[in-house]
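Me: I have a new structure to look at and would like a short walk through it. Can we start with how its helices cross?

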Amino acid sequence: MERKLFVYNSLSRTKEEFKPINEGKVGMYVCGPTVYSDVHLGNCLTFVRFDVIYRILLHLGYKVRYVRNITDVGHLLDDGEDRISKGARIDQLEPMEVVQKYANGFHDMMDIFNAKRPNIEPRATGHIIEQIEMVQQIIDNGYGYEVNGSVYFDTIKFAEETGQYGKLSGRVIDELQSETRDLKNQSEKKNPSDFAIWMNASPEHLMRWNSPWGEGFPGWHLECSAMSTKYLGKTFDIHGGGNDLKFPHHENEVAQNVGACGCAPANYWLHTNMLLMNGKKMSKSDGNTISPSELFSGDSPHVSKGFHPMVIRFFMLQSHYRSELNLTDEGILAAEKGYKRIMECLKAVDKLNGKSDVETALDQEINALLDQAVEDLLDDFNTPKALSRYFELCNKINGLKEGTLNLSEVSQSTIERLQKTFPEFIFEVLGLKDAAEEESGDVLDGVMQLVIDLRQGARDEKNWGVSDKIRDDLAALDIQIKDGKDGTEWGFKS
RNA sequence: GGUCGCGUGGCCGAGUGGCUUAGGCACUGGUCUGCAAAACCAGGUACAGCGGUUCGAAUCCGCUCGCGACCUCCA
């Protein structure tokens, strides 16, 4: 932690030095999914990106409390129907069954993408009391008003007294006032920009709780305010989410926290950018969409084949979290090659031994690249740039392996640093896994070694027919034979 | 319509005032190989358009075109 970390803060719209509230500790809250249907690939991108941010913070030595909620109530559709209720109606399930089903699916997918689990994963329905208390505080502070069993947040009064509404998202309150919407209960609000923090439940509404204002349910934005406060304190370090949540969700969250306790929830707001496909927004309505499982299986007109989840993760990490990521078949194919190159190189580096006793120019180059990769991560979590350093290191490593670079010109201490840092970066910081290793195993390794030995026997006798048959038939099984000058290696084809 | 952001070579994708030839993939030539593959070496193509500021801009400003996000549920 001797070096400084810089993060882009959406609040200030600049890169700022990151200074945690408590030395050595980080409290981070990330808005999780609403579990009403199968997880969308865009969600996966967002959570993979925050997973890497989490991993980098851990790598830097911070003790991180990572909270990511699951929204299971209060998230309404245009027609006012609760998303969970709608899911329940369509699937003929209890609302909580819907929640469990899709929460399980979400967790499975996060595991597939090798995203670490958060330390706390609170659900909105498990924190009704905390939310009711917060509504009461907001009312007590004069920023909430009750109408017909619903409670609304008075944005105009809040804006006038605190001057804070719109700060995060760059909205101007006057312009929000001129918005004309045709939402349910619109007439109950004092101002068009006001939003519900507690909603009266109509008789047919399935999810309902008792409250001082009658039976109802919490507003969507409220859960994050209440739960982040409960687990991270009134003010914590990092609040993250997709940038589509900036307004109204995060803006309203800020308003609720400030309205309830007079303090801002988070010092640093981090927003990830969206996933596109073929340059366009991923959208179900025009068919421009692909699910994670379709991407893995290749069962989609948008991809030429299936891809391993780790290839997808690698693809995601080759873009910066604040940039849009454009998913194209060609792009993932390129990522797959790059991923494989890194994985192969990771194996090659273990076999190297440096022979120089003094520090050479090559030592300096390698060490500089390793240092720069860390600098890149410290500069607003620039994973694509850091990865480019490791690609350059791959060139060095392969050069040493092939003999175009001389092992006598590199010291063993540099090689050892490489051997320690490289896998640490790939596996722990970036959270990648070796796809081939999963499929492989000791038995297969042994069998392949036998096959290679037998083939070598044929090759020694210049029996190219046998040699090539072995190679070609293995290729048909997606196993690739690689004849090098130091013997033959094998691996899975991508 | 309003607010904000983006537009980099064949593709993906970093970079934000003066060599970073970023990097990956693809492509071309070469080395290696029995032939391949992999790897290695070498090579080309770029900063949407127009105008301005500046000694100097892909990088700052303006306009135009294109794309995206938000404004209404979204990661």
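Reply: A crossing is left-handed if the near helix is turned anticlockwise from the far one by less than a right angle, and right-handed if clockwise. This is a predicted model, where local features need pLDDT of at least 70, side-chain atom pairs need 80 or more, and totals for chains, interfaces and linings use all residues. Residues are numbered from 1 along each chain as written, chains are lettered from A and ligands numbered from 1 in written order, and side-chain values use heavy atoms, without hydrogens or water.

Me: Which hand does the crossing of α13 and α14 have?

Reply: The crossing of α13 and α14 is left-handed. Helices are DSSP runs of H or I with at least four residues, strands are E runs of at least two, and both are numbered from the N terminus.

Me: At what angle do α13 and α14 pack?

Reply: Helix α13, residues 383-402, and helix α14, residues 412-429, pack at about 140 degrees with their axes 12 Å apart. That makes α13 oblique to α14 (under 35 degrees is roughly parallel, over 145 roughly antiparallel, 65 to 115 roughly perpendicular, the rest oblique). The axes are lines fitted to C-alpha atoms over the stretch in contact, and angles run from 0 to 180 degrees between N-to-C directions.

Me: And how do α11 and α13 cross?

Reply: The axes of α11, residues 329-350, and α13 come within 9 Å and cross at roughly 50 degrees. The two are therefore oblique to each other, and their crossing is left-handed.

Me: New topic. How many cavities are there?

Reply: A search of the whole structure finds four of 30 Å³ or more. A cavity is a set of points on a 1 Å grid where a 1.4 Å probe fits but cannot get out. Points are joined across faces, edges and corners, and volume is the space filled by probe spheres set on them. The largest cavity has about 80 Å³ of space.

Me: Which residues line the largest cavity?

Reply: Arg49, Val52, Ile53, Met316, Leu317, Ser319, His320, Tyr321, Phe381 and Thr383 do, each having an atom within 4 Å of a point. Helix α1 gives the most, with three.

Me: What joins Phe247 and Pro248?

Reply: A cis peptide bond, with omega about 0 degrees. Pro248 is in helix α8, residues 246-261.

Me: Is phi of Asn148 positive or negative?

Reply: Positive, near 50 degrees. Asn148 lies in the loop between β5 (144-147) and β6 (150-153).

Definitions and conventions: On a 1 Å grid over the protein atoms alone, a cavity is a set of points where a 1.4 Å probe fits but cannot get out, and a pocket is an open set with protein on both sides within 12 Å along at least five of seven lines; lining residues have an atom within 4 Å of a point.
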